[in-house]
Amino acid sequence: MSAVTIRIARPEDARTVLELTRALARFIKAEDWFLATLADVERDCFGPAPRYEAWLAEVKGAPAGLATLFPTYSTFKAKPCLFVDSLYVDETARGYGVGKVLMRHICQLAIERDCVRVDLNVLNWNPARSFYTGLGMQETGELGMSITGAALRSLAGPDQPAA
């Protein structure tokens, strides 16, 4: 995992964000539904009013994975949450811990932002479900998974304050 670096995507990364998102759509057999264009990514991730943020994982300086996320809110807990819309590790980078490093970073962001949980959806046939469960995420429905409390702090790393 030490060879994996995470950084926020920059406007010049828009094509990489688009291509990794398209690769995820291909992996989940949803490429026919994929409508995003480079202009969409430039506007919605990097424009004056971003709708989501993108984080790139790199191995030896090359793109290896992507996480896109946006804030949500729990009215029951009266706290913000983070929703991971896309998390993808390039086929050539699997087995290097890229997914875990991305998830750890997302959990760190959640703690920094005083979020009560991190949510995501995973198709029931996707082998990534066991990966997320192994990280401490709980199933919250047919597709939904969440991590909260001690499990979130544990994945974020040592020295994370209690919520």
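Which strands does α5 lie across, and at about what angle does α5 run to β7? In this predicted model, local features need pLDDT of at least 70 and side-chain atom pairs count only at pLDDT 80 or more, while totals for chains, interfaces and linings use all residues. Residues are numbered from 1 along each chain as its sequence is written, and side-chain values use heavy atoms, with hydrogens and water left out.

Helix α5 lies across β5 and β7, running at about 80° to β7. Axes are lines fitted to C-alpha atoms, for helices over the stretch in contact, and angles run from 0 to 180 degrees between N-to-C directions. Helices (H or I, at least four residues) and strands (E, at least two) are DSSP runs, numbered from the N terminus.

The strands belong to an open sheet of seven, ordered β1-β2-β3-β4-β5-β7-β6 with mixed pairing; two strands pair if DSSP finds at least two bridges between them. Strands β1 (4-8) and β6 (138-139) stand at the edges with a single partner strand each, so one side of each lacks a neighbour in the sheet.

Within α5 (residues 149-156), Leu152, Leu155 and Ala156 are buried, that is, under 20% relative accessible area, whereas exposed means over 50% and partly exposed in between (1.4 Å probe, protein chains only). Seen down the axis of α5, these buried residues fall within an arc of 105°, so they line one face of the helix; the arc is that of the directions from the helix axis to the C-beta atoms. Ala150 and Ser154 are exposed on the other side of α5. The buried residues of α5 pack against α3, β5 (117-121) and β7 (144-148), contact meaning heavy atoms within 4.5 Å.
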